[in-house]
Amino acid sequence: MTSNVTTSTDVVSATHCVPPGTREYIDRTIQDLLASLPDPQQLSPVGRRGIIARYTAVLEGNFVYWMTSAYLSVKSWEAHQIIDDNLREEVRDNHPGMLRRFAMAAHAVPTDTDIMAVHGHVHEVRKFIGRLRSESILPMMAFFEGFIQRFMPYLADLAVRQGSSELEYTEVHGVVDVGHTEELYRALNAEVLLAHGPLDKMRMLEGVEILRKVLEVVIHHSNTEKLETVVASTNR
Ligand SMILES: [Fe+2]
C-alpha cells in the first residue's frame, strides 16, 4: 500500500457525500441502454456477431487496465481494498481468457473492422482515466459493472444463436458483477469522504457519459458491415 493511503476515520470533518441522484442517473443510463438493445430474433448472424465482437474488442484488453486506473486513483484504504479484490479476481480467474473463449466459440473474434468501430470512443475513455480522478472513475466503473451484469443474458442469447454453448463468461459475470457494483459504490463513498470541497455531480458523471458512448457503438454500430464493404471495394 502506498504512503498516501488514508483511512476515512482520519478525516475529522467528513461532511461530503455522493451528490443525490448520482446512482439513480447511472441506473437510468443502464436501463436506457438495455431498452435500446435490438431484438435478437431480428438480428442477422452478421449483426449478432458484430455485437459480440465489438463487446470483446472493448472489454478484453481494457477492463483490467481501466480498473487498474481506478486503483491508482483512489486514496482511501477501503477503496484500495475493494479494487484490489476486484483486480485479483479478474487476474486470478483469467477473465480476459474467459471472454476470448466466449468470442471464439461464437465465431465472433474481433477483426480490425470491429476494433476500428470502437477505437475513437475507447480512446476518449483512455484519455479520461489518465487524469486519475477517483471521484469520476469510480462512478464510471460502477456503471460498467452494472451494465455488464445486466447485459449478460442478452449476450448469452446472441452466442447461443451463433451456435455456441461456451457460456462460462456470461454465467460468471451475471452473478459476480452484482457484488462488484455494490462494492464500487462503497469505494466511492469512502473516497468522497476524503474530498476537498463539494463535489459536482456532472463532473462525477463525466466518465459515465464517455463510456455510455462506447457501449452505444458496441450495440448499435450497424455501419460496420457497410464499412467492410467499402474497404473491400476500395481494395479491389
Ligand atoms: Fe470480469
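Is the crossing of α1 and α6 left-handed or right-handed? It is right-handed, and both helices come up again below. Keep in mind throughout that this is a predicted model.

## The overall picture

Reading along the sequence gives the pattern α-α-α-α-α-α-α-α-α-α. Of the 236 residues, 35% are buried.

What about contacts along the chain? Taking contacts in the protein with a separation of 6 or more, 90% of them join residues 24 or more positions apart.

The mean pLDDT of the protein is 88, and 88% of the residues reach 70 or more. One is residues 1–14, and another is residues 224–236. For residues 1–14 the model has 19 contacts beyond four places in sequence, while for residues 224–236 it has 7 such contacts. Where pLDDT is low, the predicted coordinates should not be read in detail.

## α6 and its partners

Two packed helices are described by the angle between their axes and the distance between the axes. For helix α6 (residues 134–161) and helix α9 (residues 206–220), the angle is about 35 degrees and the axes are 7 Å apart. This crossing is right-handed. On the α6 side, the residues that meet α9 are S136, I137, P139, M140, F143, F144 and F147. They face E206, G207, V208, L211 and L215 in α9.

Helix α1 (residues 22–35) also packs with α6: the axes come within 10 Å and cross at roughly 40 degrees. Here T22, I26, T29, I30, L33 and L34 from α1 meet a set of α6 residues, P139, A142, F143, G146, F147, R150 and F151. Compare the two α6 lists and you'll find P139, F143 and F147 in the set that meets α9 and again in the set that meets α1.

L33 sits in helix α1. Which residues does L33 contact, leaving aside its neighbours within four places in sequence? They are F147, L215 and I219. F147 belongs to the α6 residues that meet α1, and L215 is one of the α9 residues that meet α6.

L33 also lies 7.3 Å from E216, C-alpha to C-alpha, though the two are 183 residues apart in sequence. Even so, L33 counts as partly exposed, because 19 other C-beta atoms lie within 10 Å and a buried residue needs 20 or more.

## A kinked helix: α5

Helix α5 covers residues 112–129, and its length makes a handy check. At 1.5 Å a residue, its 18 residues should span 26 Å; the end C-alpha atoms are 24 Å apart, which agrees. The helix is not straight, though: there is a kink of about 50 degrees centred on H119.

An α-helix has 3.6 residues a turn, so residues three or four places apart point the same way. The buried residues of α5 are D114, A117, V118, V122, V125, F128 and I129.

## Loops worth a look

Two loop residues other than glycine have a positive phi. N94 has a phi near 50 degrees and lies in the loop between α3 (77–92) and α4 (95–105). N94 counts as exposed because it has 11 C-beta neighbours inside 10 Å, and the cut-off is 12 or fewer. H107 has a phi near 55 degrees and is found in the loop between α4 and α5. With 15 C-beta neighbours inside 10 Å, H107 counts as partly exposed.

G130 lies in the loop between α5 and α6. Why is G130 exposed? The reason is that it has 9 other C-beta atoms within 10 Å.

G163 is placed in the loop between α6 and α7 (168–192). This glycine also counts as exposed, with 10 C-beta neighbours inside 10 Å. Its C-alpha atom is 6.5 Å from that of A106, which is 57 residues away along the chain.

Conventions
Residues numbered from 1 in each chain as written. Predicted model: local features only at pLDDT ≥ 70, side-chain atom pairs only at ≥ 80, totals over all residues. pLDDT = per-residue confidence, 0-100. Helix = DSSP H or I, 4+ residues; strand = E, 2+ residues; numbered from the N terminus. Expected span 1.5 Å × (residues − 1). Bend = angle between axes of the 7 residues up to and from the residue. Axes fitted to C-alpha atoms, helices over the stretch in contact; angles between N-to-C directions. Left-handed = near helix turned anticlockwise from the far one by under 90°.
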